[in-house]
Amino acid sequence: MCPGACEGARLSALTTPDLLWLWEQIAARADKRGDRSLVSGHMSVAVPADPRQAAAVGRLVSPRPPLGGTRIRADLARLTENLRGHGPRLTPAAVAAHALHRPLGLAAQELQAARERARDLADLVRTRLIGLPRSARVRPDPEAALAVLRGSRWLHRLASDADGEELVELAVRALAALPPPGERIDRRVLAQRLTGSPKALDRGSLLAGLILALASAGGAVADTSDQRTAWNGLGVDFDQLTGGLLCLNVLPDGWLLPADEPVTVTPHTLARSRWAQPPDPQAWVFVTENPSVVAALLDLVPLPRGARLVCTIGTPSAVEVAAIARLAEAGWRIAVRADFDVAGLHHVSAVTVAQPAAQPWRMAADDYRQSLNVGADRWTYPLDPAHLPPTPWNPALEVAMRRHRRPGFEEGLLDTLLGDVLTGHPPQAAPAPPREHT
């Protein structure tokens, strides 16, 4: 607990319970300074009001015994000299360490070591980014990159990781290995080439996060929270064959499937294909969040001709939102909805921002109230009003959700939603303007 200062010392008279207050304050100063001796200088010491505890310190720290309940200026050199009568190498911090049964000053030393390591890592980042080839797809300015890494505490995380230097080296190598504009590479193939493991760039890995942080500093990535979109902006395919949109009677152009046969169109296909045109300009596509709506529709026998659904199967990616928006370009009218919760409101907003012609479908305050099931509170999570986004298509919806603080789900409106799909248009849908013939 001390650097050998206790050798040959008699500590029992110095570490009595009545003197613990002194050693606690000495220890606090040693921890703050990172000094495991404290043999010089002065420090303010609060003397306890208990007369016995005040008397126990005697003349260790001052020429005369202090009064209880006062604050004195302790002379550490005097304290060290008095302690040497109990052991030739004793120091105030050494006695405090033994009195409290722990080493002192290590936290400050570790903090200083971490700071020095962070500085070394910053120098490594700067050097490696300067060395990026001019042909690299992303070449962040070194100082801008370091500002991002400091602001997001990435340097702190790297300094705390034993493999911090290797992570920096690999991240900069990844920037150099990104495909040129117009070409693409699969994320797992890139990971294999960099590290020998296809899992190295999986969601949540430190290496993946560091690469995206550096890319954001270079202006190539706007939002690192949506990893699929972020990697897409770097020419890297992120699980392009999983996810996608579940489609019923709405297909990419040129596809042929039996009627009423659901199919999942992958992100890879969505990013590269166009939708088939509708049979007439009044045709609607209904966009929903939950596959349970599609399943319920398929259970209807016989299924009316022309029932069309596109399901995002949860949170849609940027590729999927863009694909939904392109339905309008092919001539379809779009009715979009999701659950009445924070994520669902964001889903609807994303689609209506990407395609202003898309119409929110059964996403008003009355619809929300109808979706709430009495007695279901114990089975659902509460809504945090602080996280609710605005609902400009129906401001009363936001007000109602803030009041009830409960989510509402599509399954709570299932019969109503199926009725809309079967009729072929959402409620109060305005007729489409006639197309101009050229």
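Axes here are lines fitted to C-alpha atoms, for helices over the stretch in contact, and angles run from 0 to 180 degrees between N-to-C directions. Helices (H or I, at least four residues) and strands (E, at least two) are DSSP runs, numbered from the N terminus. This is a predicted model, in which local features need pLDDT of at least 70 and side-chain atom pairs count only at pLDDT 80 or more, while totals for chains, interfaces and linings use all residues. Residues are numbered from 1 along each chain as its sequence is written, and side-chain values use heavy atoms, with hydrogens and water left out.

Start with helix H1 (residues 20–33) and H3. Their axes come within 14 Å and cross at roughly 120°. H1 and H3 are therefore oblique to each other. The label follows from the angle: under 35 degrees counts as roughly parallel, over 145 as roughly antiparallel, 65 to 115 as roughly perpendicular and the rest as oblique. The crossing of H1 with H3 is left-handed. That term applies if the near helix is turned anticlockwise from the far one by less than a right angle; clockwise gives right-handed. Trp 23, Ile 26 and Arg 33 of H1 meet Leu 76, Leu 79 and Leu 83 of H3. Contact means heavy atoms within 4.5 Å. By class, the contact of H1 with H3 has five nonpolar residues, no polar residues and one charged residue. Ala, Val, Leu, Ile, Met, Phe, Trp, Tyr, Cys and Pro count as nonpolar, Asp, Glu, Lys and Arg as charged, and the others, Gly among them, as polar.

Stay with H3 for a moment. Thr 80 sits in this helix, which spans residues 76–83. Thr 80 is buried, with a relative accessible area of 6%. Buried means under 20% relative accessible area, exposed over 50%, and partly exposed in between (1.4 Å probe, protein chains only). Which residues does Thr 80 contact, leaving aside its neighbours within four places in sequence? They are Leu 38, Val 39, Leu 90 and Pro 92.

Next come helix H8 (residues 164–177) and helix H10 (residues 206–217). They pack at an angle of about 55°, with their axes 9 Å apart. That makes H8 oblique to H10. H8 passes H10 in a right-handed crossing. On the H8 side, the contact is made by Leu 167, Val 168, Leu 170, Ala 171, Val 172, Ala 174 and Leu 175. H10 brings Leu 206, Leu 207, Leu 210, Ile 211 and Leu 214. The residues of this contact divide into 12 nonpolar, no polar and no charged.

Further along is helix H11 (residues 227–233), where Gln 227 is found. Is Gln 227 buried or exposed? Gln 227 is buried, with a relative accessible area of 11%. Leaving aside neighbours within four places in sequence, Gln 227 is in contact with Arg 203, Gly 204, Leu 212 and Phe 238.

Helix H14 (residues 318–329) packs with H15 at an angle of about 50°, and their axes are 9 Å apart. That makes H14 oblique to H15. The crossing of these two helices is right-handed. Val 321, Ile 324 and Ala 325 of H14 make the contact with Ala 350, Val 351 and Ala 354 of H15. This contact has six nonpolar, no polar and no charged residues.

Now look at the aromatic rings. The structure holds two aromatic pairs. Rings of Phe, Tyr and Trp (its six-membered ring) pair if their centres lie within 6.5 Å; planes under 30 degrees apart count as stacked, over 60 as edge-to-face and the rest as tilted. Phe 340 counts as buried, at 0% relative accessibility. Tyr 368 also counts as buried, at 0%.

Ala 364 lies in the loop between strand E10 (359–360) and H16. At 22% relative accessibility, Ala 364 counts as partly exposed. Ala 364 touches Phe 340, Asn 394 and Leu 397, not counting residues up to four places away in sequence.

Finish at Gln 428, in the segment after helix H18 (414–423). At 81% relative accessibility, Gln 428 counts as exposed. Gln 428 and Trp 361 are 67 residues apart in sequence and 9.9 Å apart in space, C-alpha to C-alpha.
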